[in-house]
Amino acid sequence: MIDFTITKTIEKFNMLHQNSCVVVGVSGGADSMCLLHYLCSVKEKFNLDITVAHVNHGIRGDEAFRDQNLVEQFCNDNDLKFALKSINVPKLSREMHIGEEECGRIMRYSFFQELAHDGLIATAHTASDNAETVLFNMTRGAGLNGIGGIKPVRGNIIRPLIMMTRADVEHYCKSHNVKYFDDSTNFSDDYTRNKIRHSIMPTLGEINSSAVTNISLLSESAREDDEYLNSIALKELADCALENGYSCDKINILAQSIKKRAIIIMASDMGISLSRKHINLILEMIAIDGAVDVDSNYRFISRNGVCCFCQKKTEDELELDDNSEFKITDFSSVVLKGQKFTFLNFKDGDIEQKSNNFKKIFNNSINCDIINDNTLIRGRLPGDYFKKAGTGCTKPLKKLLNELKYTTEQRKNLVLIANGSEVLWIDGIGVSEKAKINDRNHCILIIKTEEQ
């Protein structure tokens with residue numbers, strides 16, 4: 001009956017084909033020895049070319065060599081190719097600044113892929129492993145993709161035991177007289193998965209003896225729904241495509257679930273992985289002009305109805321078109337209307353007020369307390385008003401420029417910083433009364449300007 005379950009799984013997910021080359025990851029535990037024994041039993045049926053891959057993680061001393069010898073002896077007895085990789089996972093995990101579990105997984109799959117080339121990789125994940133993964137992902141706030149758990153087939157990786165429980169595996173080994181060893185680290189709660197395995201899974205089993213099977217059915221339904229929604233998102237995103245990005249208006253009218261998936265697809269096309277926080281920030285930016293740094297190399301930009309992911313420019317510099325407006329908190333430098341504006345934060349005590357350059361610094365500095373998420377650097381707009389520091393008169397910007405005899409070209413190229421219609425600073429004119437620095441300020445923003 002258990003053999004039949006594996007056979008039906010392979011058929012259902014079309015895992016094996018005639019003349020397949022298969023790299024089998026075998027640790028020496030019950031799951032992987034069960035998998036290896038089964039594949040040997042169908043080797044002639046499918047004319048399989050099997051390579052057994054074993055990784056010694058350098059963690060369990062003599063016990064690890066015991067497991068290695070078991071796997072190697074099985075290969076010798078059954079005329080199978082044996083490939084060994086010995087690594088020091090504790091050392092590597094420290095160098096990579098990741099946990100030992102994650103480091104071991106990365107090293108194993110790297111080794112398997114190296115051996116497989118264009119062939120298949122078979123791993124011994126079971127329904128019990130899948131249930132633990134689903135629960136772990138749920139604690140991290142996963143969506144459908146996470147609830148989908150371990151996929152039976154992912155790329156060239158197949159998991160023939162994915163519908164078998166751990167009890168099924170042990171029964172298979174007993175009935176077929178398959179020798180295996182238990183990994184002592186499986187009995188420790190030092191690893192996250194073991195805490196779920198030892199504490200949560202038994203309790204769920206008491207509530208419902210079919211808990212593991214039912215979680216597998218849940219994950220299968222979640223995968224099906226996720227794949228369907230992703231296919232819709234892919235189609236909708238293609239309809240939103242423009243020559244230089246994607247239409248913000250078209251993305252905004254999509255259903256929220258499709259919209260999020262469209263963003264993830266856009267990012268994955270650039271090789272970018274997004275957190276839930278970044279996805280939510282990007283959703284906000286699509287509705288209004290803005291930008292979000294998603295990692296050290298890429299940012300998401302939305303402006304003038306077009307959005308896209310792009311590589312960061314040197315010095316965190318963004319070049320805007322003449323009609324752009326942007327939050328000054330998003331960048332350290334921007335280029336607008338042929339001018340480069342660089343924003344520098346200083347403590348007020350860092351500037352010597354008796355300096356010969358103080359007047360220039362004063363005119364190009366803003367009290368940081370006045371800056372918020374609505375503070376924009378932009379060109380002039382109808383309704384703008386300005387009260388220059390040191391004067392007692394608030395004037396419409398248009399009137400001020402008339403008094404200063406600004407030409408049409410000068411007005412067109414004018415750059416300012418504003419909260420709504422209240423102008424805080426104007427390039428070449430100075431800072432407003434409200435935004436000026438004084439002895440009470442703790443932090444100021446200096447705006448450096450230069451011709452491009």
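Q: Which residue in the turn of the hairpin of S20 and S21 has a positive phi?
A: Strands S20 and S21 form a hairpin with 2 residues between them; strands (E, at least two residues) and helices (H or I, at least four) are DSSP runs, numbered from the N terminus. This is a predicted model, in which local features need pLDDT of at least 70 and side-chain atom pairs count only at pLDDT 80 or more, while totals for chains, interfaces and linings use all residues. Residues are numbered from 1 along each chain as its sequence is written, and side-chain values use heavy atoms, with hydrogens and water left out. The turn residue with a positive phi, of about 65°, is Gly420.

Q: What is the bridge partner of Ile417 in S21?
A: S20 covers residues 416–419, and S21 covers residues 422–426. The two run antiparallel and are joined by 4 bridges; strands pair if DSSP finds at least two bridges between them. Within S21, the partner of Ile417 is Trp425.

Q: Which residue stands opposite Ala418?
A: S20 is also joined to strand S17 (residues 375–378), again antiparallel, by 4 bridges. In a regular strand the side chains alternate between the two faces of the sheet. In S20, Leu416 and Ala418 point one way and Ile417 and Asn419 the other, and all are buried (under 20% relative accessible area; exposed is over 50%, partly exposed in between, with a 1.4 Å probe and protein chains only). Opposite Ala418 stands Leu376.

Q: How many residues of H2 are buried?
A: H2 has 12 residues and reaches 16 Å from its first C-alpha to its last, close to the 16 Å expected; the expected span is 1.5 Å times one less than the number of residues. Its buried residues include Ala30, Asp31, Tyr38 and Leu39. H2 is largely enclosed by the rest of the structure, because the number of its 12 residues that are buried is 9.

Q: Within what arc do the buried residues of H9 fall?
A: Val169, Tyr172 and Cys173 are buried in H9. Seen down the axis, these residues line one face of the helix, the arc being that of the directions from the helix axis to the C-beta atoms. On the other side of H9, Ala167 and Lys174 are exposed. The arc of the buried residues is 95°.

Q: What is the relative accessibility of Leu135?
A: Leu135 is found in helix H7 (residues 127–139). Leaving aside neighbours within four places in sequence, Leu135 is in contact (heavy atoms within 4.5 Å) with Ile196, Ile200, Met201 and Leu204. Leu135 counts as buried because its relative accessibility is 17%.

Q: How far apart are the closest N and O atoms of Arg166 and Asp129?
A: These two form a salt bridge, that is, a side-chain nitrogen of Lys or Arg within 4 Å of a carboxyl oxygen of Asp or Glu. The pair links distant parts of the chain, with Arg166 in helix H9 and Asp129 in helix H7, 37 residues apart. Asp129 counts as buried at 8% relative accessibility. The closest N and O atoms are apart by 2.7 Å.

Q: Is Arg66 buried or partly exposed?
A: Arg66 forms a salt bridge with Asp67, and their closest N and O atoms are 2.9 Å apart. Asp67 counts as buried, at 2% relative accessibility. With a relative accessible area of 29%, Arg66 is partly exposed.

Q: What is the relative accessible area of Asp384?
A: The side chains of Asp384 and Arg378 meet in a salt bridge at 2.9 Å, N to O. Arg378 counts as buried at 3% relative accessibility. Asp384 is buried, and its relative accessible area is 4%.
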